[in-house]
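Trainee: I would like to go through this model with you, one question at a time.
Mentor: Go ahead.

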Amino acid sequence: QVQLMESGGGLVQPGGSLRLSCVGSGSVLSVFAMGWYRQAPGKQRELVASVSSVGLTNYADSVKGRFTIIRENEKNAIALEMSNLEPEDTGVYYCAKYRTWNVGQVDSWGQGTRVTVSS
């Protein structure tokens, strides 16, 4: 059973940047599609970015051009680089592992890391 551990969340001012990291144990993440989701207060969890095992990426329209999902296979990890952050980016960010090499059903979640964008 894979375990995913996120880190890197925190409080940042609008326009600032953060880098989230998700390290896996118990499974090799490079052969699976991975994703970052977020859940804002009072809202449903939504997909922010995903990457297949062959590097195909997909982003929510709201984050295109500002967020980048990165594979760090040597660390058995993925990262999410976020820039030009907006208050609407506030929420708990979750790392997700998909069942196969491409985006589909999630079979493992991390515990989440909180991002707060506020002045």
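Trainee: Is V54 buried or exposed?
Mentor: In this predicted model, local features need pLDDT of at least 70 and side-chain atom pairs count only at pLDDT 80 or more, while totals for chains, interfaces and linings use all residues. Residues are numbered from 1 along each chain as its sequence is written, and side-chain values use heavy atoms, with hydrogens and water left out. Buried means under 20% relative accessible area, exposed over 50%, and partly exposed in between (1.4 Å probe, protein chains only). V54 has 59% relative accessibility, so V54 counts as exposed.

Trainee: Where is V54 placed?
Mentor: Strands are DSSP runs of E, at least two residues, numbered from the N terminus. V54 is in the loop between β5 (46–51) and β6 (57–59).

Trainee: Is E72 buried or exposed, and what is its relative accessible area?
Mentor: E72 lies in strand β7, residues 67–72. E72 is buried because its relative accessible area is 8%.

Trainee: With which side chain does the side chain of E72 make a polar contact?
Mentor: A polar contact is a pair of N or O atoms within 3.5 Å; within protein, one must be able to donate a hydrogen and the other to accept it, and residues adjacent in sequence count only if both atoms are side-chain atoms. For the side chain of E72, at 2.6 Å, the partner is the side chain of R19.

Trainee: With which residue does the side chain of E81 meet in a salt bridge?
Mentor: A salt bridge is a side-chain nitrogen of Lys or Arg within 4 Å of a carboxyl oxygen of Asp or Glu. E81 is partly exposed, with a relative accessible area of 32%. At 3.1 Å, N to O, the side chain of E81 meets that of R19.

Trainee: How many residues apart in sequence are the parts tied together by R38 and D89?
Mentor: The side chains of R38 and D89 meet in a salt bridge of 2.9 Å, N to O. R38 lies in strand β4 and D89 in the loop between β8 and β9, so the parts tied together are separated in sequence by 51 residues.

Trainee: Which residues do salt bridges that share partners join into one network?
Mentor: R38 also meets E46 in a salt bridge, 2.8 Å from N to O. R38 counts as buried at 5% relative accessibility, and D89 counts as buried at 1%. The network is made of R38, E46, R66, E86 and D89.

Notes
Helices (H or I, at least four residues) and strands (E, at least two) are DSSP runs, numbered from the N terminus.
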